[in-house]
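Subject: Structure for you to look at

Hello,

Here is the structure I promised to pass on. My notes follow below it.

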Amino acid sequence: MRVVKLERYVVDEIVLRNSMKLPQAKLQLKNRFRYQVKYPKGDDKRCVGELALEIGDADADTPLYLTVRLRGVFLVEAPDKRRVHVESFYQLFPYARSILTNTCAMSCLPPLMFPTPDLQEENIDINFQS
């Protein structure tokens with residue numbers, strides 16, 4: 001049974017920094033992601049998931065840096081916040097990965113594919129502060 005349903009998403013930010021010199025031999029890029037779920041006050045039927053995918057390092061002098069940040073609004077049908085966290089991530093992630101890959105392709109870069117992270121419910125930290 002599905003506990004969350006993606007209603008809509010919005011892209012908050014896309015950043016691409018490309019200073020690669022041609023021909024480029026090999027790149028060692030780090031992939032990172034951050035995901036958090038927020039619950040609006042007074043609305044127990046919705047949550048907002050915020051996802052950021054990052055390739056490269058914004059602070060270092062890497063020749064390629066790309067980040068995509070999205071927010072998704074979800075309908076929630078179960079009170080289990082850990083399960084909501086995991087399922088909402090897996091519904092929003094394909095959109096973020098597609099945007100990241102298409103941004104590379106439209107920038108004449110090889111289409112980079114962000115690997116799908118393995119989220120486990122038992123590893124989710126629930127913060128009950130507002």
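Start with C108, which is exposed at 75% relative accessibility. Exposed means over 50% relative accessible area, buried means under 20%, and partly exposed lies in between (1.4 Å probe, protein chains only). C108 sits in the segment after helix 1. Its phi is positive, near 60 degrees, and C108 is not a glycine. Most residues other than glycine have a negative phi.

Some ground rules. This is a predicted model, in which local features need pLDDT of at least 70 and side-chain atom pairs count only at pLDDT 80 or more, while totals for chains, interfaces and linings use all residues. Residues are numbered from 1 along each chain as its sequence is written, and side-chain values use heavy atoms, with hydrogens and water left out.

Overall picture

Helices (H or I, at least four residues) and strands (E, at least two) are DSSP runs, numbered from the N terminus. Of the 130 residues, 35% are buried. The protein exposes about 8300 Å², and carbon and sulfur atoms supply 50% of that area. Areas come from the Shrake-Rupley method with a 1.4 Å probe; for residues, only the protein chains shown count as cover. Now take contacts between residues at least 6 apart in sequence: 70% of them join residues at least 24 apart. Contact here means heavy atoms within 4.5 Å.

Helix 1

Helix 1 covers residues 81–106, which is 26 residues. From first C-alpha to last it reaches 37 Å, close to the 38 Å expected at 1.5 Å a residue. That expected span is 1.5 Å times one less than the number of residues. The helix bends by about 30 degrees at L92, and a proline, P94, follows within four residues. The bend is the angle between axes fitted to the seven residues ending at a residue and the seven starting there.

What caps the N-terminal end of helix 1? D80 does, with a side-chain oxygen 3.3 Å from the backbone nitrogen of R82. For reference, a polar contact is a pair of N or O atoms within 3.5 Å; within protein, one must be able to donate a hydrogen and the other to accept it, and residues adjacent in sequence count only if both atoms are side-chain atoms.

Two helix residues deserve a look. Q91 is in helix 1 and is buried at 16% relative accessibility. Beyond its neighbours within four places in sequence, Q91 contacts R2, V4, K5, L6 and F74. T103 is also in helix 1 and is buried, with a relative accessible area of 11%. Not counting residues up to four places away, T103 touches I14, L16 and L66.

Strand 1 and the cysteines

V11 lies in strand 1, residues 4–18. V11 is partly exposed, at 34% relative accessibility. R69 is 58 residues from V11 in sequence, yet the two are 6.1 Å apart in space, C-alpha to C-alpha. With neighbours within four places set aside, V11 is in contact with R69, L70 and I99.

C47 is buried, at 0% relative accessible area. C104 is buried too, with 0% relative accessibility.

Best wishes
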